[in-house]
Amino acid sequence: MLKITSAQFYQKIIYNYITFSFKGYKASNRKTFLHLTKYFNMLIDTHSHIYSEEFIGEREEVVQRSIDNGIEKIVLPNIDSSTIKMMLETSKQFENICFPMIGLHPTSVKEDFEEELEVVEYWLNKEKFYGIGEVGIDLYWDDTFRKEQELVFTRQLKLAQKYNLPLSIHIRESFDIVYELVKKNRFDGMKGIFHCFTGNTAQAKSVIDLGFKIGVGGIVTFKNSGIDKMVAQLKPDDIVLETDAPYLAPTPFRGKRNESSYLVYVLSKVSAIFGISENEMADLTTKTACTVFDI
Ligand SMILES: [Zn+2]
């Protein structure tokens, strides 16, 4: 059993009561108070593949380590039809901790993309999902299916509209195309995250203007990545935190298998960039993530 309740929960209530008293808030209304505590000291990993093969047999420990580090919610992006079963099993095993998304990853777009999209829509009608992801365009590994990737991305933008869900967007060597397609297919209430964003400040601001948030992960901790300079030009509530586990582990675990508990290293770096406390940064990014995913 996971130790998510009891001691940690009450510690949090007491801590927040004190914090709020100092800030001059009156937590007289119990409901308001509990609503406010929803965000405090909790972190959300907005992009983590902890359901994947790399964690087989260790998933419970991995989730427990996350909770111990304050990461109490983990949003799971899908890859393709082969990963849905593992992802849904993980979401059911860790209910109210793991929140699944559904979508076809750009690197899985092949000749059979029509069938893959059918699978995505089949599941959308069957289970509750918290977003369309991960979707987008990746021209780094292979651009053989470039046209198909564009078509599949467009179709999934339309699924986001149809099912009123946020998007988790993957871009690699494809910012301009993705940006144009998002703009062209804009709809009322469109929102989501440009995950693991490595673009420049102008690009970041242009997607924020379209209603999206910037996903910041382990790369921000790498020496000379330049991501810190881009992030510094944004506002703290323009960003959300992510690991993209098992990939892109932050320093000091660079090159090793990543996991959601390492999100605290990203938090630490991002708080330093903005010059605010880790608690404050946690609260802001958690609030943003809750709003994006409605969790
Ligand atoms: Zn991913």
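This is a predicted model: local features need pLDDT of at least 70, side-chain atom pairs count only at pLDDT 80 or more; totals for chains, interfaces and linings use all residues.
I then looked up the extent of α11. The helix has 16 residues and reaches 22 Å from its first C-alpha to its last, close to the 22 Å expected at 1.5 Å a residue.

Next I listed the buried positions in α11. They are M281, A282, D283, L284, T285, T286, T288, A289, V292 and F293.

I turned to the largest nonpolar core, which I found to have 72 residues. Within this core, V216 and V270 have the most contacts. I recorded that α11, spanning residues 278-293, gives the most to the core, with 6 residues.

Leaving aside residues up to four places away in sequence, V270 touches V216, V220, V231, I239, L241 and M281.

Last, I examined the pair formed by α6 (residues 146-162) and α7 (residues 175-184). Two packed helices are described by the angle between their axes and the distance between the axes. For α6 and α7, I noted that the axes come within 10 Å and cross at roughly 35°. The crossing of α6 past α7 is right-handed.

I looked up which residues meet there. From α6 they are E150, F153, T154 and L157, and from α7 they are I177, L181 and V182.

Note on methods
Residues are numbered from 1 along each chain as its sequence is written. A nonpolar core is a set of buried Ala, Val, Leu, Ile, Met, Phe, Trp, Tyr and Cys residues joined through C-beta atoms within 7 Å. A residue is buried if 20 or more other C-beta atoms lie within 10 Å of its own, exposed if 12 or fewer, and partly exposed in between; C-beta atoms are placed from the backbone. Helices (H or I, at least four residues) and strands (E, at least two) are DSSP runs, numbered from the N terminus. Two residues are in contact if their C-beta atoms, placed from the backbone, lie within 7 Å. The expected span of a helix is 1.5 Å times one less than its number of residues. Axes are lines fitted to C-alpha atoms, for helices over the stretch in contact, and angles run from 0 to 180 degrees between N-to-C directions. A crossing is left-handed if the near helix is turned anticlockwise from the far one by less than a right angle, and right-handed if clockwise.
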